[in-house]
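I opened this notebook to keep track of what I look up, one entry at a time.

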Amino acid sequence: RLSAATLIALVQDDDVPRALHMTLEEASTLFRVHPSLTLLGGWRGRIDVDGAPFNRQTNQLDSHKFGPGLKTIPYWDDAARCPFMFAARVNAAPLFAKRRILLQLGLLRWDLSCPGSAGIGFDFEYSLRAWHHGYRVGLFYSRYRHNAVKDALHSGTRTNTEAWLRRKEQERMNNRRLYELYPGFYHKEATALAEEANSKLRSSNYDLSEFVESGDFASWKHKPKTSGGAGVDLSDV
């Protein structure tokens, strides 16, 4: 509430940014050329598939997952000159959000988890709320190194088996609650809206696989596919 910025960045204390100026430039451009975009994920995102198996361990569908270590983002944005797609839900973090819309929609939900418990699901909930109110949610590569701080994978909810099991139970509870908060909308309608928005995007003509796998996002713009597509003019990059 106290910020005067147009865009708000939500980051985690165990993630480390790389080539931050490029990330911020691309994010601001994506918000500019997609006026209805109100939440932009820089880690991972999902497109739910109706009829996919329902995972009782997480209380969500085994859907298409995009981002580092998962499926490559299949679309390209010419203005931002980077891979970009719309997603039904995006994961923290980082997350970039329009401050005005975040305030308009009531900020993030604080009641998904009890005080002291993992806040898992706030990112999915806000993603669905944005789509439900006529806004859009997108995904791009932020170049952040995830869980990069020393001992990040051995602290907090990963401290021991008991803490991890509490985290997973909270995840199951919060995922189940999304169906209660958005009955009939999650997962079918949100996915349909994301897929319709993606149908207007252009397929990527760049082979990003080796950079996604290695995490070297500082140079992916310079590796065009060897065949197919008209390509993008990167002479001034």
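I looked up Asp-111 and found it partly exposed at 42% relative accessibility; buried means under 20% relative accessible area, exposed over 50%, and partly exposed in between, with a 1.4 Å probe and protein chains only. The model is predicted, so local features need pLDDT of at least 70 and side-chain atom pairs count only at pLDDT 80 or more, while totals for chains, interfaces and linings use all residues. Residues are numbered from 1 along each chain as its sequence is written, and side-chain values use heavy atoms, with hydrogens and water left out.

Entry on salt bridges. I took a salt bridge as a side-chain nitrogen of Lys or Arg within 4 Å of a carboxyl oxygen of Asp or Glu. By this rule I have nine salt bridges. Asp-111 pairs with Arg-109, the closest N and O atoms being 2.8 Å apart. Arg-109 is partly exposed, with a relative accessible area of 26%. I noted that Arg-109, Asp-111 and Arg-177 are linked in a network of salt bridges.

Asp-78 forms a salt bridge with Arg-202, with 2.5 Å between the closest N and O atoms. This pair links distant parts of the chain, 124 residues apart: Asp-78 is in the loop between strand 7 (75-77) and strand 8 (82-86), and Arg-202 is in strand 12 (residues 202-203). Helices (H or I, at least four residues) and strands (E, at least two) are DSSP runs, numbered from the N terminus. Asp-78 is partly exposed at 44%, and Arg-202 is partly exposed at 29%.

Entry on helix 4. The side chains of Glu-169 and Arg-172 meet in a salt bridge at 2.8 Å, N to O. Both lie in helix 4 (residues 161-181), three residues apart, so about one helical turn separates them. Glu-169 is partly exposed, with a relative accessible area of 35%.

Which residues of helix 4 are buried? I listed Ala-163, Gln-170, Glu-171, Asn-174, Asn-175 and Leu-178.
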